[in-house]
Amino acid sequence: MKSSVIPRLTIVVPCYNEEPVLPTSAPILRRILQRLMDHQQVTPDSKILFVDDGSQDRTWALITELRQQDTCYTGLKFSRNYGQEAALMAGMQIAQPYADLIVTIDADLQDDPQLIFGMLEQAREGFDIVYGVRNDRSTDTWFKRTTAQGFYWFMGKLGVDLIPNHSDFRLMSQRAVTALMSCQESHPFIRGIIPQLGFPATKLYYKRQPRKAGVSKYPLRKMIRFALDGILSFSIAPIRAVLYAGLLICGGALLVLLWILIQHIRGAVVTGWSSIMASLWFLGGFQLVATSIIGEYVGRTFTEVKHRPRFIIQSDTYSSAFTPAQPVV
Ligand code: UDP
Ligand code: MG
């Protein structure tokens, strides 16, 4: 179904300590938006929405300066660092009532912003979701490439449908964003949820560039947390795997017992200190892993039932762009 109405676009950009790169990336995005406006592909009140995820540098000051120069730029500021997923959710949630289309893109512009033109074309063709997919991972380190591959493989085994080599560069229609917002979990794994929404979706390919400036905000610690969020929020398979492994070990232990019994009856001396030590350590370790996996799920349930907000917004210059304060009479 082709649409002929001009859509209002919002480009959501999560920013965490992006002071070095914002002065470069903001004008690039602005020029793209202007071209889209000039060609009447988006409405003149389309916006760029920077979400400052509790930066400690001058990111928010820069966003405010940009806003003063040009009303196309708007910003949200978190009260502290909540993480990229929360920043994306906040940007989409705030933009959802006003924007017909939302594009999310990283502040460092590693993802090719020119692809936005193609994304809009696909939206006009009737697609609700357009995924930006990297056609190679040459700008990644060997470690990141390998762990990413392992992650996709593992998630596939768990039955979670991820789009390989797609990060958070995508276009979504208003109704797809509304559906995403109805997922109320406190640590949403957006990349896993979106393919499950089931709207018409397509992919566009691009080559990922190195970061324009600044450094990656994903140290190993954050990468592990992100992967765990993905695995544990989508499946109870790890608990089941532990159960099967436990059963297997118990079965093995029974066989060993049987063997010991036979040796005993035959009068053979069972010294076996090393085998006892080995199984002791193995079982101890295994039990710790098993308990901590279950603990992770219990912990997550605990976090969910508290219904704490996913983020707290300290300032918002986006909503006010569409709903100007009523004059006091
Ligand atoms: N980001 C964020 N909060 C965080 C970490 C990252 O909003 O806690 C943003 C960051 O500013 C960037 C995007 O998420 O716009 C992706 O981060 P980065 O480029 O550092 O990740 P990488 O490309 O190295 O995976
Ligand atoms: Mg990056």
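The following questions and answers go through a predicted model, residue by residue and element by element.

Residues are numbered from 1 along each chain as its sequence is written, while chains are lettered from A and ligands numbered from 1 in the order in which they are written. Because the model is predicted, local features need pLDDT of at least 70 and side-chain atom pairs count only at pLDDT 80 or more, whereas totals for chains, interfaces and linings use all residues.

User: What pLDDT does the chain average?
Analyst: pLDDT is the predictor's confidence in each residue, from 0 to 100. At least 70 is reached by 96% of the residues. For the complex, the predictor gives a pTM of 0.85 and an ipTM of 0.97. The chain's average pLDDT is 89.

User: Which residues come nearest to ligand 1?
Analyst: A residue is near a molecule or strand if its C-beta atom, placed from the backbone, lies within 6 Å of it. There are 16 residues around ligand 1. Those that come nearest are Pro-14, Tyr-16, Ala-107, Ser-216 and Lys-217.

User: Which elements give two or more residues to the shell around ligand 1?
Analyst: Elements here are DSSP runs numbered from the N terminus: helices are H or I with at least four residues, and strands are E with at least two. By that rule, the elements giving two or more residues to the shell are strand 1 (9–15) and helix 3 (84–95).

User: How many residues of each class are in the shell around ligand 1?
Analyst: Ala, Val, Leu, Ile, Met, Phe, Trp, Tyr, Cys and Pro count as nonpolar; Asp, Glu, Lys and Arg count as charged; the others, Gly among them, count as polar. Sorted this way, the shell around ligand 1 has five charged, five polar and six nonpolar residues.

User: Why is helix 3 described as largely enclosed by the rest of the structure?
Analyst: A residue is buried if 20 or more other C-beta atoms lie within 10 Å of its own, exposed if 12 or fewer, and partly exposed in between, with C-beta atoms placed from the backbone. Among the buried residues of helix 3 are Gln-84, Glu-85, Leu-88 and Met-92. Helix 3 is largely enclosed because the buried residues number eleven of its twelve.

User: What distance separates the end C-alpha atoms of helix 3?
Analyst: The expected span of a helix is 1.5 Å times one less than its number of residues. Helix 3 has twelve residues, so it should span 16 Å. The distance between its end C-alpha atoms agrees, at 16 Å.

User: Where does Gln-40 lie, and what is its phi?
Analyst: Most residues other than glycine have a negative phi. Gln-40 is exposed, because 9 other C-beta atoms lie within 10 Å. Its place is the loop between helix 1 and strand 2. Although Gln-40 is not a glycine, its phi is positive, about 50°.

User: Is Gln-41 buried, exposed or partly exposed?
Analyst: Gln-41 sits in the loop between helix 1 (22–38) and strand 2 (47–52). Two residues are in contact if their C-beta atoms, placed from the backbone, lie within 7 Å; not counting residues up to four places away in sequence, Gln-41 touches Leu-36 and Leu-120. Because Gln-41 has 18 C-beta neighbours inside 10 Å, it counts as partly exposed.

User: What distance separates the C-alpha atoms of Phe-286 and Gly-246?
Analyst: Phe-286 is part of helix 10 and counts as partly exposed, with 15 C-beta neighbours inside 10 Å. Leaving out residues up to four places away in sequence, Phe-286 touches Ala-245 and Ile-249. Phe-286 and Gly-246 are 40 residues apart along the chain, and their C-alpha atoms are separated by 8.2 Å.

User: In which loop is His-307 found?
Analyst: His-307 is exposed, since 8 other C-beta atoms lie within 10 Å. Its phi is positive, near 50°, in a residue other than glycine. The loop holding His-307 is between helix 10 (273–306) and strand 8 (313–316).

User: Which residues does UniProt give for the feature "transmembrane region"?
Analyst: UniProt positions are given in the numbering used here, feature names are shortened, and annotations may be inferred rather than shown by experiment. In the model, residues 241–262 are 100% helix and 0% strand, with end C-alpha atoms 32 Å apart. The unreviewed UniProt entry places the feature at residues 241–262 and 274–298.
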